[in-house]
Amino acid sequence: AETWEEVPLAPPDSIFKLTAAYKADSFPQKINLGVGAYRDDDSKPWVLPVVKKATELLLTDPDIDHEYLPITGLPQFTSAAAKLILGRDSPAILEDRVVSVQTISGTGANHLGALFLSRYYRFGEGGKKVWLSDPTWVNHFAIFRNVQIEPVTYPYYDPATIGLAFEPFLETLRSAAPRSVFLLHACAHNPTGVDPTREQWGQICDIILEKGHYAFFDCAYQGFASGDLDNDAWAVREFVKRGVPLLVCQSFAKNAGLYGERVGAMHVVAPTEEAADRVKSQLSVLQRSEISNPPAHGARLVSLILNEPVLFAQWKEDIKTMAHRIIEMRKELHKLLTEELKTPGNWDHIVNQIGMFSFTGISTEASQALTEKAHIYLTTNGRISMAGLNRKNIRYFAENLDKVVR
Ligand code: PLP
(Lines give C-alpha, C1' and ligand atoms only; values in the text may rest on other atoms or scores of the structure.)
Protein backbone atom coordinates (compact mmCIF):
# COMPACT_ATOMS: atom_id res chain seq x y z
CA ALA A 1 0.00 0.00 0.00
CA GLU A 2 0.96 3.59 -0.56
CA THR A 3 2.49 5.30 2.51
CA TRP A 4 -0.18 7.94 3.17
CA GLU A 5 -3.12 6.05 1.73
CA GLU A 6 -5.20 6.37 4.88
CA VAL A 7 -4.75 10.12 5.32
CA PRO A 8 -8.05 11.77 4.46
CA LEU A 9 -8.07 15.13 2.70
CA ALA A 10 -8.99 17.85 5.20
CA PRO A 11 -11.19 20.76 4.13
CA PRO A 12 -9.32 24.08 3.79
CA ASP A 13 -9.58 26.55 6.69
CA SER A 14 -12.71 28.61 6.04
CA ILE A 15 -11.12 32.01 6.67
CA PHE A 16 -8.17 31.09 4.46
CA LYS A 17 -10.60 30.04 1.75
CA LEU A 18 -12.46 33.32 2.03
CA THR A 19 -9.26 35.35 1.68
CA ALA A 20 -8.21 33.32 -1.36
CA ALA A 21 -11.60 33.92 -3.04
CA TYR A 22 -11.33 37.64 -2.24
CA LYS A 23 -7.84 37.84 -3.75
CA ALA A 24 -8.94 36.08 -6.92
CA ASP A 25 -11.88 38.48 -7.42
CA SER A 26 -11.15 41.30 -9.89
CA PHE A 27 -14.22 43.43 -9.03
CA PRO A 28 -12.91 46.89 -8.07
CA GLN A 29 -15.29 47.53 -5.17
CA LYS A 30 -14.77 44.13 -3.51
CA ILE A 31 -14.50 44.16 0.29
CA ASN A 32 -12.90 41.63 2.63
CA LEU A 33 -14.74 41.53 5.97
CA GLY A 34 -13.50 38.07 6.91
CA VAL A 35 -9.98 38.76 8.06
CA GLY A 36 -9.32 39.24 11.78
CA ALA A 37 -6.57 41.79 11.30
CA TYR A 38 -6.61 45.58 11.53
CA ARG A 39 -6.64 47.60 8.32
CA ASP A 40 -6.22 51.36 8.01
CA ASP A 41 -8.57 53.70 6.16
CA ASP A 42 -6.96 52.61 2.86
CA SER A 43 -7.59 48.90 3.58
CA LYS A 44 -3.85 48.43 4.19
CA PRO A 45 -2.10 46.57 7.01
CA TRP A 46 -0.81 49.09 9.57
CA VAL A 47 2.67 48.95 11.08
CA LEU A 48 2.22 50.80 14.37
CA PRO A 49 4.48 53.89 14.63
CA VAL A 50 5.65 52.62 18.04
CA VAL A 51 6.71 49.33 16.45
CA LYS A 52 8.74 51.23 13.85
CA LYS A 53 10.51 53.13 16.64
CA ALA A 54 11.18 50.00 18.67
CA THR A 55 12.51 48.24 15.56
CA GLU A 56 14.97 51.09 14.94
CA LEU A 57 16.16 50.91 18.55
CA LEU A 58 16.76 47.18 18.26
CA LEU A 59 18.69 47.60 14.99
CA THR A 60 21.20 49.92 16.59
CA ASP A 61 21.47 48.09 19.91
CA PRO A 62 25.04 46.69 20.10
CA ASP A 63 24.01 44.15 22.77
CA ILE A 64 21.57 42.24 20.56
CA ASP A 65 22.71 38.78 19.58
CA HIS A 66 20.93 35.64 18.40
CA GLU A 67 21.43 33.40 21.40
CA TYR A 68 18.58 31.28 22.81
CA LEU A 69 16.13 32.95 25.18
CA PRO A 70 15.44 31.19 28.49
CA ILE A 71 12.87 28.36 28.18
CA THR A 72 10.09 30.46 29.71
CA GLY A 73 10.99 33.47 27.58
CA LEU A 74 12.51 36.94 27.86
CA PRO A 75 12.12 37.88 31.54
CA GLN A 76 11.74 41.64 30.90
CA PHE A 77 8.95 40.81 28.47
CA THR A 78 7.04 38.29 30.59
CA SER A 79 7.12 40.38 33.77
CA ALA A 80 5.97 43.53 31.97
CA ALA A 81 3.28 41.53 30.14
CA ALA A 82 1.96 40.20 33.47
CA LYS A 83 1.72 43.75 34.83
CA LEU A 84 -0.06 44.88 31.68
CA ILE A 85 -2.87 42.37 32.01
CA LEU A 86 -3.07 41.94 35.79
CA GLY A 87 -2.25 45.53 36.75
CA ARG A 88 0.90 46.79 38.50
CA ASP A 89 -0.77 46.68 41.90
CA SER A 90 -2.28 43.20 41.42
CA PRO A 91 -2.26 41.28 44.71
CA ALA A 92 -1.05 38.22 42.79
CA ILE A 93 2.00 40.10 41.46
CA LEU A 94 2.80 41.72 44.82
CA GLU A 95 2.65 38.27 46.45
CA ASP A 96 4.91 36.68 43.79
CA ARG A 97 2.38 34.03 42.83
CA VAL A 98 2.06 34.68 39.10
CA VAL A 99 3.80 32.28 36.72
CA SER A 100 4.40 33.81 33.29
CA VAL A 101 5.62 31.94 30.24
CA GLN A 102 6.31 33.44 26.82
CA THR A 103 4.32 31.62 24.15
CA ILE A 104 3.76 31.46 20.39
CA SER A 105 1.24 34.31 20.46
CA GLY A 106 -2.29 33.74 21.79
CA THR A 107 -2.70 30.41 20.05
CA GLY A 108 0.39 29.05 21.78
CA ALA A 109 -0.80 30.48 25.09
CA ASN A 110 -4.13 28.67 24.71
CA HIS A 111 -2.29 25.49 23.80
CA LEU A 112 0.14 25.64 26.74
CA GLY A 113 -2.67 26.49 29.16
CA ALA A 114 -4.76 23.61 27.83
CA LEU A 115 -1.81 21.20 27.92
CA PHE A 116 -1.00 22.18 31.51
CA LEU A 117 -4.60 21.65 32.62
CA SER A 118 -4.73 18.35 30.77
CA ARG A 119 -1.69 17.11 32.72
CA TYR A 120 -2.18 18.66 36.13
CA TYR A 121 -5.67 20.01 36.75
CA ARG A 122 -7.83 17.98 39.14
CA PHE A 123 -10.98 17.90 37.00
CA GLY A 124 -14.23 17.42 38.93
CA GLU A 125 -16.93 14.82 38.42
CA GLY A 126 -17.78 16.35 35.06
CA GLY A 127 -14.63 14.76 33.61
CA LYS A 128 -11.87 16.17 31.45
CA LYS A 129 -13.89 18.89 29.77
CA VAL A 130 -13.70 22.55 28.98
CA TRP A 131 -16.75 24.78 28.66
CA LEU A 132 -16.54 27.07 25.65
CA SER A 133 -18.95 29.86 24.78
CA ASP A 134 -21.42 29.14 21.98
CA PRO A 135 -20.11 30.44 19.62
CA THR A 136 -16.38 30.96 20.15
CA TRP A 137 -13.15 31.35 18.18
CA VAL A 138 -13.30 28.03 16.27
CA ASN A 139 -9.70 27.14 17.02
CA HIS A 140 -10.57 26.66 20.71
CA PHE A 141 -12.21 23.33 19.85
CA ALA A 142 -9.16 21.91 18.10
CA ILE A 143 -6.72 23.27 20.69
CA PHE A 144 -8.44 21.45 23.55
CA ARG A 145 -9.13 18.27 21.59
CA ASN A 146 -5.43 18.12 20.73
CA VAL A 147 -4.65 17.67 24.43
CA GLN A 148 -7.50 15.25 25.13
CA ILE A 149 -9.81 17.75 26.81
CA GLU A 150 -13.35 17.48 25.50
CA PRO A 151 -14.92 20.79 24.49
CA VAL A 152 -18.55 21.36 25.50
CA THR A 153 -20.43 24.63 25.09
CA TYR A 154 -22.36 27.02 27.29
CA PRO A 155 -25.05 29.35 25.94
CA TYR A 156 -23.58 32.78 25.28
CA TYR A 157 -25.17 34.46 22.28
CA ASP A 158 -28.89 34.99 21.91
CA PRO A 159 -29.87 35.42 18.24
CA ALA A 160 -33.24 36.87 19.28
CA THR A 161 -31.64 39.89 20.96
CA ILE A 162 -28.28 39.77 19.11
CA GLY A 163 -26.91 40.05 22.64
CA LEU A 164 -25.82 38.00 25.63
CA ALA A 165 -27.82 34.90 26.62
CA PHE A 166 -27.11 35.86 30.21
CA GLU A 167 -29.58 33.74 32.20
CA PRO A 168 -28.88 30.50 30.29
CA PHE A 169 -25.15 31.19 30.70
CA LEU A 170 -25.55 31.58 34.49
CA GLU A 171 -27.69 28.45 34.60
CA THR A 172 -24.91 26.43 32.97
CA LEU A 173 -22.36 27.83 35.43
CA ARG A 174 -24.66 26.72 38.25
CA SER A 175 -25.43 23.26 36.90
CA ALA A 176 -21.90 22.31 35.79
CA ALA A 177 -20.06 19.90 38.09
CA PRO A 178 -17.88 21.66 40.70
CA ARG A 179 -14.33 22.46 39.55
CA SER A 180 -15.34 22.69 35.89
CA VAL A 181 -13.12 24.74 33.57
CA PHE A 182 -14.81 27.70 31.84
CA LEU A 183 -13.10 29.50 29.00
CA LEU A 184 -13.96 33.21 29.09
CA HIS A 185 -13.06 35.89 26.55
CA ALA A 186 -11.54 38.69 28.62
CA CYS A 187 -12.91 41.39 26.31
CA ALA A 188 -14.08 41.88 22.71
CA HIS A 189 -15.63 38.43 22.38
CA ASN A 190 -14.78 36.71 19.09
CA PRO A 191 -16.94 36.23 17.00
CA THR A 192 -19.92 38.06 18.52
CA GLY A 193 -18.51 41.36 19.81
CA VAL A 194 -20.85 40.86 22.79
CA ASP A 195 -19.27 41.26 26.25
CA PRO A 196 -20.88 40.99 29.69
CA THR A 197 -21.27 44.27 31.58
CA ARG A 198 -19.26 44.76 34.80
CA GLU A 199 -22.35 43.95 36.81
CA GLN A 200 -22.84 40.73 34.82
CA TRP A 201 -19.15 39.80 35.24
CA GLY A 202 -19.70 40.19 38.98
CA GLN A 203 -22.55 37.66 38.92
CA ILE A 204 -20.52 35.27 36.75
CA CYS A 205 -17.68 35.56 39.27
CA ASP A 206 -20.01 34.85 42.22
CA ILE A 207 -21.09 31.51 40.76
CA ILE A 208 -17.57 30.53 39.67
CA LEU A 209 -16.38 31.07 43.25
CA GLU A 210 -19.35 29.28 44.76
CA LYS A 211 -18.87 26.21 42.56
CA GLY A 212 -15.08 26.19 42.67
CA HIS A 213 -14.80 26.45 38.88
CA TYR A 214 -11.58 27.37 37.08
CA ALA A 215 -11.48 30.44 34.82
CA PHE A 216 -9.45 30.06 31.63
CA PHE A 217 -9.25 33.62 30.30
CA ASP A 218 -8.37 34.23 26.68
CA CYS A 219 -7.32 37.85 26.12
CA ALA A 220 -6.52 38.48 22.46
CA TYR A 221 -7.75 42.08 22.23
CA GLN A 222 -6.59 44.08 25.26
CA GLY A 223 -6.85 47.78 24.34
CA PHE A 224 -8.48 46.98 21.05
CA ALA A 225 -11.97 46.84 22.52
CA SER A 226 -12.34 50.23 24.17
CA GLY A 227 -9.05 51.87 23.24
CA ASP A 228 -8.00 51.66 26.91
CA LEU A 229 -5.71 48.88 28.16
CA ASP A 230 -6.86 49.01 31.79
CA ASN A 231 -10.53 49.12 30.94
CA ASP A 232 -10.23 46.02 28.77
CA ALA A 233 -8.42 44.12 31.54
CA TRP A 234 -11.12 44.86 34.10
CA ALA A 235 -12.77 41.44 34.24
CA VAL A 236 -9.47 39.55 34.63
CA ARG A 237 -8.31 41.89 37.41
CA GLU A 238 -11.64 41.66 39.20
CA PHE A 239 -11.51 37.84 39.15
CA VAL A 240 -7.93 37.91 40.51
CA LYS A 241 -8.92 40.34 43.26
CA ARG A 242 -11.79 38.08 44.24
CA GLY A 243 -9.58 34.99 44.41
CA VAL A 244 -10.85 32.95 41.45
CA PRO A 245 -8.29 30.29 40.44
CA LEU A 246 -7.37 31.22 36.88
CA LEU A 247 -4.95 31.54 34.02
CA VAL A 248 -4.78 34.16 31.26
CA CYS A 249 -3.71 33.76 27.65
CA GLN A 250 -2.34 36.97 26.21
CA SER A 251 -1.66 37.93 22.61
CA PHE A 252 0.15 40.95 21.18
CA ALA A 253 -0.93 40.12 17.63
CA LYS A 254 -3.79 42.60 17.42
CA ASN A 255 -2.99 45.33 19.93
CA ALA A 256 0.59 45.72 18.71
CA GLY A 257 -0.09 44.70 15.10
CA LEU A 258 2.54 41.95 15.46
CA TYR A 259 0.49 39.15 13.92
CA GLY A 260 3.37 37.37 12.22
CA GLU A 261 5.89 37.78 15.04
CA ARG A 262 3.98 35.43 17.37
CA VAL A 263 4.37 37.33 20.65
CA GLY A 264 2.26 36.14 23.56
CA ALA A 265 2.29 34.91 27.12
CA MET A 266 0.41 32.59 29.42
CA HIS A 267 0.04 33.61 33.06
CA VAL A 268 -1.07 31.22 35.79
CA VAL A 269 -2.25 32.94 38.97
CA ALA A 270 -1.35 30.44 41.70
CA PRO A 271 -2.63 30.48 45.29
CA THR A 272 0.86 30.81 46.84
CA GLU A 273 4.42 31.60 45.83
CA GLU A 274 5.40 28.03 46.60
CA ALA A 275 2.65 26.65 44.32
CA ALA A 276 3.78 29.10 41.64
CA ASP A 277 7.31 27.67 41.77
CA ARG A 278 6.04 24.13 41.24
CA VAL A 279 3.73 25.21 38.42
CA LYS A 280 6.56 27.09 36.75
CA SER A 281 8.87 24.08 36.93
CA GLN A 282 6.32 21.90 35.11
CA LEU A 283 5.50 24.55 32.52
CA SER A 284 9.21 24.73 31.74
CA VAL A 285 9.31 20.97 31.21
CA LEU A 286 6.32 21.13 28.85
CA GLN A 287 7.67 24.12 26.94
CA ARG A 288 11.08 22.48 26.55
CA SER A 289 9.65 19.47 24.76
CA GLU A 290 7.46 21.54 22.47
CA ILE A 291 9.45 24.58 21.35
CA SER A 292 12.60 24.54 23.54
CA ASN A 293 12.71 28.35 23.65
CA PRO A 294 10.34 30.99 22.33
CA PRO A 295 11.32 33.39 19.50
CA ALA A 296 13.24 36.51 20.50
CA HIS A 297 12.52 39.33 18.06
CA GLY A 298 8.86 40.09 18.76
CA ALA A 299 9.35 39.71 22.51
CA ARG A 300 12.22 42.23 22.39
CA LEU A 301 10.01 44.70 20.54
CA VAL A 302 7.14 44.36 23.00
CA SER A 303 9.53 44.45 25.95
CA LEU A 304 10.86 47.82 24.77
CA ILE A 305 7.34 49.12 24.22
CA LEU A 306 6.17 48.04 27.67
CA ASN A 307 9.27 49.08 29.60
CA GLU A 308 10.22 52.42 28.00
CA PRO A 309 7.79 55.10 29.20
CA VAL A 310 8.00 57.18 25.99
CA LEU A 311 7.30 54.15 23.83
CA PHE A 312 4.53 52.97 26.13
CA ALA A 313 2.81 56.35 25.83
CA GLN A 314 3.13 56.18 22.04
CA TRP A 315 1.67 52.66 22.02
CA LYS A 316 -1.37 53.82 23.95
CA GLU A 317 -1.91 56.47 21.27
CA ASP A 318 -1.55 53.90 18.48
CA ILE A 319 -4.06 51.61 20.19
CA LYS A 320 -6.49 54.51 20.43
CA THR A 321 -6.04 55.19 16.73
CA MET A 322 -7.07 51.63 15.89
CA ALA A 323 -9.88 51.27 18.42
CA HIS A 324 -11.34 54.66 17.64
CA ARG A 325 -11.31 54.11 13.90
CA ILE A 326 -13.28 50.93 14.47
CA ILE A 327 -15.70 52.66 16.84
CA GLU A 328 -16.18 55.40 14.21
CA MET A 329 -17.00 52.80 11.58
CA ARG A 330 -19.60 51.29 13.92
CA LYS A 331 -21.24 54.70 14.36
CA GLU A 332 -21.12 55.44 10.66
CA LEU A 333 -22.60 52.08 9.65
CA HIS A 334 -25.34 52.46 12.23
CA LYS A 335 -26.14 55.95 10.96
CA LEU A 336 -26.23 54.88 7.32
CA LEU A 337 -28.56 51.96 8.04
CA THR A 338 -30.94 53.65 10.46
CA GLU A 339 -31.05 57.27 9.32
CA GLU A 340 -30.27 57.24 5.63
CA LEU A 341 -31.31 53.91 4.20
CA LYS A 342 -34.00 53.19 6.80
CA THR A 343 -33.03 49.53 6.64
CA PRO A 344 -35.69 47.34 8.25
CA GLY A 345 -34.84 45.97 11.71
CA ASN A 346 -32.96 47.19 14.75
CA TRP A 347 -29.23 47.86 14.21
CA ASP A 348 -28.27 49.10 17.68
CA HIS A 349 -26.09 46.02 18.20
CA ILE A 350 -23.67 47.45 15.63
CA VAL A 351 -22.74 50.24 18.06
CA ASN A 352 -23.19 48.20 21.23
CA GLN A 353 -20.86 45.39 20.21
CA ILE A 354 -17.17 45.67 21.05
CA GLY A 355 -13.86 45.05 19.32
CA MET A 356 -12.81 43.87 15.90
CA PHE A 357 -15.95 41.91 15.06
CA SER A 358 -19.63 42.48 14.72
CA PHE A 359 -22.30 39.84 14.54
CA THR A 360 -24.73 41.47 12.16
CA GLY A 361 -27.51 39.00 12.85
CA ILE A 362 -28.17 38.50 9.12
CA SER A 363 -29.04 35.04 7.79
CA THR A 364 -26.70 32.61 6.04
CA GLU A 365 -28.56 33.33 2.78
CA ALA A 366 -28.09 37.07 3.20
CA SER A 367 -24.38 36.58 3.94
CA GLN A 368 -24.00 34.46 0.82
CA ALA A 369 -25.93 36.98 -1.27
CA LEU A 370 -23.53 39.72 -0.17
CA THR A 371 -20.62 37.65 -1.43
CA GLU A 372 -22.26 36.45 -4.64
CA LYS A 373 -23.99 39.65 -5.71
CA ALA A 374 -21.84 42.39 -4.19
CA HIS A 375 -18.34 40.84 -3.90
CA ILE A 376 -18.38 41.42 -0.13
CA TYR A 377 -16.58 38.57 1.62
CA LEU A 378 -17.69 37.52 5.11
CA THR A 379 -18.20 34.29 7.04
CA THR A 380 -21.64 32.74 6.54
CA ASN A 381 -22.52 33.26 10.23
CA GLY A 382 -22.95 36.97 9.44
CA ARG A 383 -19.81 38.04 11.28
CA ILE A 384 -18.03 41.06 9.84
CA SER A 385 -14.62 42.41 10.70
CA MET A 386 -15.20 46.11 11.38
CA ALA A 387 -11.54 46.70 10.49
CA GLY A 388 -12.39 45.86 6.88
CA LEU A 389 -14.64 48.92 6.63
CA ASN A 390 -13.38 52.43 5.89
CA ARG A 391 -14.66 55.79 4.71
CA LYS A 392 -14.34 54.73 1.07
CA ASN A 393 -16.22 51.44 1.17
CA ILE A 394 -18.71 51.78 4.03
CA ARG A 395 -21.49 53.25 1.91
CA TYR A 396 -21.19 50.50 -0.68
CA PHE A 397 -21.37 47.96 2.16
CA ALA A 398 -24.36 49.58 3.87
CA GLU A 399 -26.31 49.84 0.61
CA ASN A 400 -25.75 46.19 -0.20
CA LEU A 401 -26.52 45.06 3.34
CA ASP A 402 -29.74 47.04 3.04
CA LYS A 403 -30.58 45.27 -0.23
CA VAL A 404 -30.03 41.73 1.07
CA VAL A 405 -32.16 42.17 4.20
CA ARG A 406 -35.05 43.91 2.48
N1 PLP B 1 -8.01 33.93 20.94
C2 PLP B 1 -8.97 34.56 20.25
C3 PLP B 1 -10.31 34.71 20.84
C4 PLP B 1 -8.68 35.07 18.98
O5 PLP B 1 -9.63 35.71 18.30
C6 PLP B 1 -7.38 34.90 18.45
C7 PLP B 1 -7.08 35.37 17.09
O8 PLP B 1 -7.90 35.60 16.25
C9 PLP B 1 -6.43 34.24 19.23
C10 PLP B 1 -6.79 33.77 20.47
C11 PLP B 1 -5.02 33.96 18.83
O12 PLP B 1 -4.38 34.78 17.99
P13 PLP B 1 -2.80 34.77 17.85
O14 PLP B 1 -2.33 33.37 17.97
O15 PLP B 1 -2.56 35.34 16.51
O16 PLP B 1 -2.28 35.62 18.95
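Tutor: Helices (H or I, at least four residues) and strands (E, at least two) are DSSP runs, numbered from the N terminus. The model itself is predicted.

Student: In the loop between which two elements is proline 191 placed?

Tutor: Proline 191 sits between strand 7 (181-185) and helix 8 (198-211). The peptide bond joining asparagine 190 to proline 191 is cis, with omega about 15 degrees.

Student: Which residue does a cis peptide bond join to proline 135?

Tutor: That residue is aspartate 134, and omega is about 0 degrees. Proline 135 belongs to the loop between strand 3 (129-134) and helix 6 (139-146).

Student: Is serine 292 buried or exposed?

Tutor: Serine 292 has 10 within 10 Å, so serine 292 is exposed. Histidine 375 also has a positive phi, near 60 degrees, and lies in the loop between helix 15 (364-374) and strand 12 (376-377). With 19 other C-beta atoms within 10 Å, histidine 375 is partly exposed.

Student: Where do the side chains of a strand point?

Tutor: In a regular strand they alternate between the two faces of the sheet. For strand 9, Leu246, Val248 and Gln250 point one way, while Leu247, Cys249 and Ser251 point the other way.

Student: Why can strand 9 be called largely enclosed by the rest of the structure?

Tutor: Because six of the six residues of strand 9 (residues 246-251) are buried.

Student: In which sense does strand 9 pair with strand 8, and in which with strand 10?

Tutor: With strand 8 (residues 214-219) the pairing is parallel, over five bridges. With strand 10 (residues 263-269) it is antiparallel, over six bridges. Then take leucine 247, which stands opposite valine 268 in strand 10.

Student: What do nonpolar side chains tend to do in soluble globular proteins?

Tutor: They tend to be buried together. Here the largest nonpolar core has 116 residues, and Ala215, Phe217, Val236 and Leu246 have the most contacts inside it. Helix 13 (residues 309-340) gives the most to this core, with nine residues.

Student: Which residues are in contact with valine 236, leaving aside its neighbours within four places in sequence?

Tutor: Valine 236 is in contact with Ile85, Leu86, Ala186, Phe217, Cys219 and Val248.

Student: How many residues surround the ligand, and which are the closest?

Tutor: The shell has 13 residues, with Ser105, Gly106, Thr107, Ser251 and Ala253 the closest. By class, eight are polar, four nonpolar and one charged. Helix 5 (residues 105-120) supplies the largest share of the shell, three residues. Ser251 also belongs to strand 9, where it is buried.

Student: Which residues does the UniProt domain annotation cover?

Tutor: The unreviewed UniProt entry annotates residues 29-401 as "domain: Aminotransferase class I/classII large". In the model that span is 46% helix and 15% strand, and its end C-alpha atoms lie 14 Å apart.

How values were computed. Residues are numbered from 1 along each chain as its sequence is written. This is a predicted model: local features need pLDDT of at least 70, side-chain atom pairs count only at pLDDT 80 or more; totals for chains, interfaces and linings use all residues. UniProt positions are given in the numbering used here, feature names are shortened, and annotations may be inferred rather than shown by experiment. A residue is near a molecule or strand if its C-beta atom, placed from the backbone, lies within 6 Å of it. Ala, Val, Leu, Ile, Met, Phe, Trp, Tyr, Cys and Pro count as nonpolar, Asp, Glu, Lys and Arg as charged, and the others, Gly among them, as polar. A nonpolar core is a set of buried Ala, Val, Leu, Ile, Met, Phe, Trp, Tyr and Cys residues joined through C-beta atoms within 7 Å. A residue is buried if 20 or more other C-beta atoms lie within 10 Å of its own, exposed if 12 or fewer, and partly exposed in between; C-beta atoms are placed from the backbone. Two residues are in contact if their C-beta atoms, placed from the backbone, lie within 7 Å. Two strands pair if DSSP finds at least two bridges between them.
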